[in-house]
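Here's a quick briefing on a single model, grouped by topic. Have a look at the fold first, then read on.

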Amino acid sequence: MAALDLLGRRWALRILWELHQSPAGFRELQRRCERMSSSVLSTRLGELTGARLLDLHDDAYRLTPLGEDLVDALSPLNAWSARWAGETGGDAAG
């Protein structure tokens, strides 16, 4: 339940997704996550780093091996989401 609580926090999954694409510094990550405030980004980075899903090297955040495993574990959900969006026309209300 603790993992679901962490991942359910606003922007947490987006941060993981962005860092799965490539490592990024704070400002670059904020740019990629368009509407995220710096305070929320700072809080989420702290939480995800504390959970050992991210680390900071050379001014860039990157996924740890545990973070990579998490993204891999979420892959089936991503595939299901794409099918669901296709069947509903991208509208969650259906």
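Let's start at the hairpin of β1 and β2: two residues sit between the strands, and D58 takes a positive phi near 50 degrees there. Keep in mind that this is a predicted model, where local features need pLDDT of at least 70, side-chain atom pairs count only at pLDDT 80 or more, and totals for chains, interfaces and linings use all residues. Residues are numbered from 1 along each chain as its sequence is written, and side-chain values use heavy atoms, with hydrogens and water left out.

**The hairpin**
- Strands β1 (residues 54-57) and β2 (residues 60-63) run antiparallel and are joined by four bridges; strands pair if DSSP finds at least two bridges between them.
- H57 has A60 as its bridge partner in β2, and L56 has Y61.
- Helices (H or I, at least four residues) and strands (E, at least two) are DSSP runs, numbered from the N terminus.

**Helix α5**
- The end C-alpha atoms of α5 are 35 Å apart, which agrees with the 34 Å that its 24 residues should span at 1.5 Å a residue (the expected span is 1.5 Å times one less than the number of residues).
- There's a bend of about 35 degrees in α5 at S75, with a proline, P76, following within four residues; the bend is the angle between axes fitted to the seven residues ending at a residue and the seven starting there.
- G67, L70 and V71 are the buried residues of α5 (buried is under 20% relative accessible area, exposed over 50%, partly exposed in between, with a 1.4 Å probe and protein chains only).
- P65 and L53 are 12 residues apart in sequence, and their C-alpha atoms are 7.6 Å apart in space.

**The largest pocket**
- The largest pocket holds about 370 Å³ of space. A pocket here is an open set of points on a 1 Å grid over the protein atoms alone, where a 1.4 Å probe fits, with protein on both sides within 12 Å along at least five of seven lines; lining residues have an atom within 4 Å of a point.
- α2 (12-21) and α5 (65-88) each supply at least two lining residues, and α5 gives the most, with seven.
- Among the lining residues are W17, H20, D72 and S75.

Key
Grid points are joined across faces, edges and corners, and a volume is the space filled by probe spheres set on the points.
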